Protein chains: 2
Amino acid sequence: MTRARRDSGGRPKRPTMVDVAREAGVALRTVSRVVNQDPTVGPEYVVKVEAAIAALSYRPDDRARQLRTGVTGTIGAAVRRIAEVNPELAAIERTARDAGLTLFAASTDFDETREHDILISMCRQRLDGIIVEPFGENHAYLQPELDAGVPLVAMDRPMSGISVDCVMSDNASGIGMAFHHLHQHGHRRIAYIGDSERVLSGRERAAAFRAALRAHGEAVEGLVHPGEITPDRVAAALDTALHGPDPATALVTGNMDTTLAVLRHLGPQAASRLALVGFDEVPLADLLQPALTVIAQQTAEIGRTAVELLRARIADPGRPVQTVVVPVTLKVRGSGEVRA
Amino acid sequence: MTRARRDSGGRPKRPTMVDVAREAGVALRTVSRVVNQDPTVGPEYVVKVEAAIAALSYRPDDRARQLRTGVTGTIGAAVRRIAEVNPELAAIERTARDAGLTLFAASTDFDETREHDILISMCRQRLDGIIVEPFGENHAYLQPELDAGVPLVAMDRPMSGISVDCVMSDNASGIGMAFHHLHQHGHRRIAYIGDSERVLSGRERAAAFRAALRAHGEAVEGLVHPGEITPDRVAAALDTALHGPDPATALVTGNMDTTLAVLRHLGPQAASRLALVGFDEVPLADLLQPALTVIAQQTAEIGRTAVELLRARIADPGRPVQTVVVPVTLKVRGSGEVRA
DNA sequence: TATCCTCGCGATAACGTTATCTCGAAGGAT
DNA sequence: ATCCTTCGAGATAACGTTATCGCGAGGATA
């Protein structure tokens, strides 16, 4: 057992390959070969080196290895929120692990500046590739990184100002399915409350809803309410839709946060009388009364595809940019089957 | 605009400080000084270097910097699940960011092998410190890392086999509060279903519940059911507690997953007739009927404290090991106030 | 036995950055 | 006018690893 050296700061200094080589009485390069399981090393050397590694409790420094080899074996994921229910991220982590890649995840936190900082930081760390759930308005600042060969994949929404691979849900079909489902249950006044049209997914969903209304010969006025997802804004939209002269009897919500805001504003009693289909799965949707009917995104498929797109681009930086659209499914649970 | 060089692999090669120095006509060291905002650089040099940086779209390589300086500015968090509701992790990310630290989070996924791999990988990356929500039985394999000066903090549970800083909730008090609350509402047969006593939190909570029963002169038999959190096991425990000769009228659940398993097994009708207090906050607890009364952990405080403990240890590796116990609070919402 | 490979280990350069040291020029004091 | 100090920039080593190259020993072939 060799005592750990300490540097001037007083903090212990970890042994390096040089130390191991000295301890084992072999060359530095031989230690490297043993660590990397190079088969051309003689068995007696392997024994000596492994003994020295154990004696010093040597641990290779990945930073140095990465610097030398040029690859990090790590991909980054800049998502809106880690630490919240995020099945896409879970799928990304699982897929990355299966591919032997380490995942580095960070929350952009609905903050454009933070998104910028995270992405630039990931570039400076020379990650092998980056998956981003875009939030900002303009990502043209990433063009130099793209030119430098940084593999980049957008998830849930395309990026603006640059051309990158993208995987996203079929928003239009999903909204169409929700509308159609409610229409089939006898509703004629169906309202929509959803996210702001600033982001593409919000734009697509609101547009699809307007199109559905028109296709069924219904008027659009007073029924489509995109905007910020704040309790107040959602409450106002809800009041307009439900308490006007020609009140809606059914509602489609454009994403999970809007769905929850609606449920909280209405309260359990009123909510149970309203026909409601939410876009996006909601945790514990099955425990609510009535259980919540939703348009579910294939989140696992989206996350998996994001990693596969990224791996494909890492393997072939020159391949054509690709957009994958993943279908959505209707989950009938009760709230969407309230009759008019 | 200088064209990006390509290495033999065909992938673009990013410009380095040497390239910038050549472009700017200055020494390598001067570029480094500009990048690091060294005030001793003459203004005309700053202009020249910054122009060269922009022209080449140079981006410093953090790996090389980290290797040279020895610090990564990054802390790791090995938690059971990123991508699930995890307020502790959210607080960790926020606190780390405010401290100028990058957070690297990974899911141990309730898998001891995976936990081991993640922790070792974090050590190899020479992160500045590690926060771990321990899962495995024995962490003695981390002793060499501790000796080497790797700062380590346990969250939610202490670690076994090594002595490290720890922040955790006051489990015993929480269970006591839950029991007392139900007792005050007239219940005399109160059952407990919770996690396995294999882990310390499960052990503490079950023990506290037994102690509460004894303190109130109640018999313990048939009322305390620790074990794996599978739907079948929870269902069996529930049947034993509720359908025996002397059935329980109230229930304390030992953690969120148990609470959800109970609610799902009982169904909405039966659940609304049972007095229930859950340990741990449940997402959407306010939307259930009745809304769920819980013992809430101060998750934000726990996450923040974990980072602070880690920073303190990074700053002073020799400081005494410290355990912080954070109080819990009772959130009265309805389910715990069902009378006997 | 001489020659040619082949195999396996060692010396050394290189990855891209920062830290240490040197050195020249400028400016003030004697 | 000379010396000393100060200031700012350049040359070079170093961080810990892997890749390239060289070289000596040993076996196969002529």
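The model is predicted: local features need pLDDT of at least 70 and side-chain atom pairs count only at pLDDT 80 or more, while totals for chains, interfaces and linings use all residues. Residues are numbered from 1 along each chain as its sequence is written, chains are lettered from A and ligands numbered from 1 in the order in which they are written, and side-chain values use heavy atoms, with hydrogens and water left out.

Thr74(A) belongs to strand β1 (residues 74–79) of chain A; helices (H or I, at least four residues) and strands (E, at least two) are DSSP runs, numbered from the N terminus. Beyond neighbours within four places in sequence, Thr74(A) is in contact with Leu101(A), Thr102(A), Phe104(A), Leu127(A), Asp128(A) and Gly129(A) (contact means heavy atoms within 4.5 Å).

## Nonpolar cores

The largest nonpolar core has 93 residues. Such a core is a set of buried Ala, Val, Leu, Ile, Met, Phe, Trp, Tyr and Cys residues joined through side-chain atoms within 4.5 Å. Phe209, Leu251 and Val252 of chains A and B have the most contacts inside the largest core. Helix α11 (residues 256–273) of chain A gives the most to this core, with 6 residues. Apart from it lies another core, of 42 residues, which includes Ile92(A), Val326(A), Leu103(B) and Ala306(B).

Not counting residues up to four places away in sequence, Val252(A) touches Ile175(A), Ala178(A), Leu182(A), Ile190(A), Ala191(A), Tyr192(A), Ile193(A), Phe209(A) and Val277(A).

Of the 25 residues around DNA strand D, Met17(A), Arg29(A), Tyr58(A), Arg68(A) and Thr30(B) come nearest (a residue is near a strand if one of its heavy atoms lies within 4 Å of it). These 25 residues divide into 10 nonpolar, 7 polar and 8 charged; Ala, Val, Leu, Ile, Met, Phe, Trp, Tyr, Cys and Pro count as nonpolar, Asp, Glu, Lys and Arg as charged, and the others, Gly among them, as polar.

Phosphate oxygens of DNA strand D lie 2.7 Å from a polar backbone atom of Met17(A), 3.0 Å from a backbone N or O atom of Ala27(B) and 2.8 Å from one of Gly42(B). The largest share of this surface, 4 residues, comes from α4(A).

Technical notes. Buried means under 20% relative accessible area, exposed over 50%, partly exposed in between (1.4 Å probe, protein chains only). A polar contact is a pair of N or O atoms within 3.5 Å; within protein, one must be able to donate a hydrogen and the other to accept it, and residues adjacent in sequence count only if both atoms are side-chain atoms.
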